[in-house]
Amino acid sequence: MPFALFLLGVAVFAQGTSEFMLSGLVPDIARDLHVSVPAAGALTSAFAAGMVVGAPLMAGLARRWSRRGALLGFLLAFMGVHVVGALTDSFGVLLATRVVGALANAGFLAVALVTAAAMVPADAKGRATSVLLGGVTLACVVGVPAGALLGHLWGWRSAFWAVTALSLPAVVAVARAVPAGTAESVRPAPALRAELRALREPRLLTVLLLGALVNGATFCTFTYLAPLVTNVTGLEASRVPVVLALFGLGAFAGVRVGGRFADRRPGTVVGAGGTVLCLGWCALALGAEHPPLALGLVLVQGALSFAVGSTLISRALHTAPTAPTLAGAFATAAFNIGAACGPWLGGTVIGSGGGYRSPVWAAAGLVAVALVVAGGAAYASARGNAGADRRRTPASWSA
């Protein structure tokens with residue numbers, strides 16, 4: 001893997017820390033800004049929704065920009081909104097900064113995914129994707145627990161200042177390591193409308209739907225993991241960073257292992273991994289009051305969630321060959337549709353009186369739906385292939 005890929009991963013780490021750190025800060029933000037826990041959880045949904053909109057929008061705008069210039073511009077905008085978020089006393093302003101920050105993050109990640117894919121051979125896209133997503137999972141391992149610890153010691157605003165400072169070395173890394181060429185410097189890019197037509201491809205739509213469902217399940221639980229382990233498992237608030245680190249450690253391992261198999265055996269990772277993932281969410285919902293079981297499942301579920309999710313993202317890049325500059329945007333949008341809907345669904349079931357276990361049950365349901373969709377798509381594909389084989393078979397052979 002080119003060294004520049006790992007430097008891109010540093011930038012993704014900084015931005016991933018911001019996207020996920022609210023999971024450990026939701027209770028503090030709710031108390032400080034006088035809103036409910038589900039309302040504070042909506043900050044995660046707002047960020048993800050901004051990324052869904054921003055991924056295709058920003059990738060489309062940056063098609064003819066210098067890749068280095070686009071990435072630097074997105075990073076600087078990201079830093080600016082975090083300064084505003086750290087200073088504000090208004091929940092509405094904080095919500096707005098999350099949306100704007102998400103637009104910048106989406107643009108960065110969309111361009112970075114395309115840049116990474118262009119740096120490696122076609123049969124190594126899964127591994128290149130895993131390097132970038134390794135920055136996201138490292139944010140879960142280090143950045144998110146550190147943000148929760150900072151919030152516990154000095155208030156949630158200190159985590160926003162830390163993200164701003166963390167982005168500075170990422171700016172230097174991008175400026176020095178990323179090629180300055182545009183997406184069209186290698187070959188002319190298709191027209192924007194032609195790339196958007198790739199969304200009509202059934203295989204791509206299926207992969208994007210599966211990615212949204214699996215990631216929705218991940219964030220449905222992850223966003224409310226702090227109140228789950230404090231109110232149901234019975235752990236002290238000071239232990240929340242450790243729990244988040246366990247999930248992130250599992251996620252990091254899952255991305256690394258998933259990246260090794262994403263290019264060779266994606267069906268096995270999605271089918272078998274998705275089945276165990278669904279069962280694992282059920283087990284966590286049933287046994288959340290037992291600390292050893294809950295902590296073990298947090299680790300395992302982090303690994304499975306990101307192994308399956310990262311594999312689906314790499315498949316989205318594979319199944320969009322006619323959208324070389326927007327493929328990263330499609331993958332980013334799918335990832336964040338789930339990240340937007342998951343916290344909303346979790347907050348809804350909590351608000352309806354389901355308790356803090358209910359988001360975990362909802363996560364199991366989302367993965368179950370994904371398994372049904374994947375099974376249906378595989379069956380339809382097998383029938384289509386069988387029909388094509390029969391059409392190619394001479395009449396004398398079928399007698």
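1. Of the 399 residues in the chain, 54% count as buried, where buried means under 20% relative accessible area, exposed over 50%, and partly exposed in between (1.4 Å probe, protein chains only). The accessible surface of the chain comes to about 16,000 Å², and 68% of that belongs to carbon and sulfur atoms; these areas come from the Shrake-Rupley method with a 1.4 Å probe, and for residues only the protein chains shown count as cover.

2. On the basis of these values: this is a predicted model, in which local features need pLDDT of at least 70, side-chain atom pairs count only at pLDDT 80 or more, and totals for chains, interfaces and linings use all residues. Residues are numbered from 1 along each chain as its sequence is written, and side-chain values use heavy atoms, with hydrogens and water left out.

3. The chain has 16 helices and zero strands. Both are DSSP runs numbered from the N terminus, helices being H or I with at least four residues and strands E with at least two. Contact here means heavy atoms within 4.5 Å. Among contacts in the chain with a separation of 6 or more, 85% are between residues 24 or more positions apart.

4. The largest nonpolar core has 111 residues. Such a core is a set of buried Ala, Val, Leu, Ile, Met, Phe, Trp, Tyr and Cys residues joined through side-chain atoms within 4.5 Å. The residues with the most contacts inside this core are Ile29, Leu71, Phe108, Val174, Leu225, Trp281 and Phe330. Helix H5 (residues 91-118) supplies the largest share of this core, twelve residues.

5. What does phenylalanine 330 touch, leaving aside its neighbours within four places in sequence? The residues in contact with phenylalanine 330 are Glu195, Leu196, Ala198, Leu199, Leu204, Leu208, Ala320 and Ala323.

6. A nonpolar patch on the surface is formed by Val53, Leu57, Leu61 and Trp65, which together have about 390 Å² of accessible area. Patches are made of residues with over 30% relative accessible area and no salt bridge; like charges are joined within 9 Å, and nonpolar side chains (Val, Leu, Ile, Met, Phe, Trp, Tyr) within 5 Å. Valine 53 sits in helix H3 (residues 37-61). Valine 53 is exposed, with a relative accessible area of 52%.

7. Histidine 34 lies in the loop between helix H2 (26-33) and H3. The phi angle of histidine 34 is near 60°, a positive value in a residue other than glycine. With a relative accessible area of 72%, histidine 34 is exposed.

8. Side chains of opposite charge can pair when their charged atoms come close. A salt bridge is counted when a side-chain nitrogen of Lys or Arg is within 4 Å of a carboxyl oxygen of Asp or Glu. By this rule the count comes to four salt bridges.

9. One of them joins arginine 31 and aspartate 28, with the closest N and O atoms 2.3 Å apart. Both residues lie in helix H2, three residues apart, about one turn of the helix. Arginine 31 is exposed at 55% relative accessible area, whereas aspartate 28 is partly exposed at 21%.

10. Aspartate 89 and arginine 157 also meet in a salt bridge (2.8 Å, N to O). This pair links distant parts of the chain, 68 residues apart: aspartate 89 is in the loop between helix H4 (67-87) and H5, and arginine 157 is in helix H7 (residues 157-177). Aspartate 89 is exposed, with a relative accessible area of 63%. Asp32, Asp89 and Arg157 are linked in a network of salt bridges.

11. A further salt bridge is formed by the side chains of arginine 357 and glutamate 289 (2.9 Å, N to O). The pair links distant parts of the chain, 68 residues apart: arginine 357 is in the loop between helix H14 (327-354) and helix H15 (358-392), and glutamate 289 is in the loop between helix H12 (266-287) and helix H13 (291-318). Arginine 357 is partly exposed at 27% relative accessibility, and glutamate 289 is partly exposed at 33%.

12. Methionine 119 is in the loop between H5 and helix H6 (125-154). Methionine 119 counts as partly exposed at 24% relative accessibility. Its C-alpha atom is separated by 8.2 Å from that of leucine 5, 114 residues apart along the chain.

13. How many disulfides does the structure hold? It holds zero disulfides, a disulfide being a pair of cysteine sulfur atoms within 2.5 Å. Cysteine 220 is buried at 0% relative accessibility, and cysteine 341 is partly exposed at 43%.
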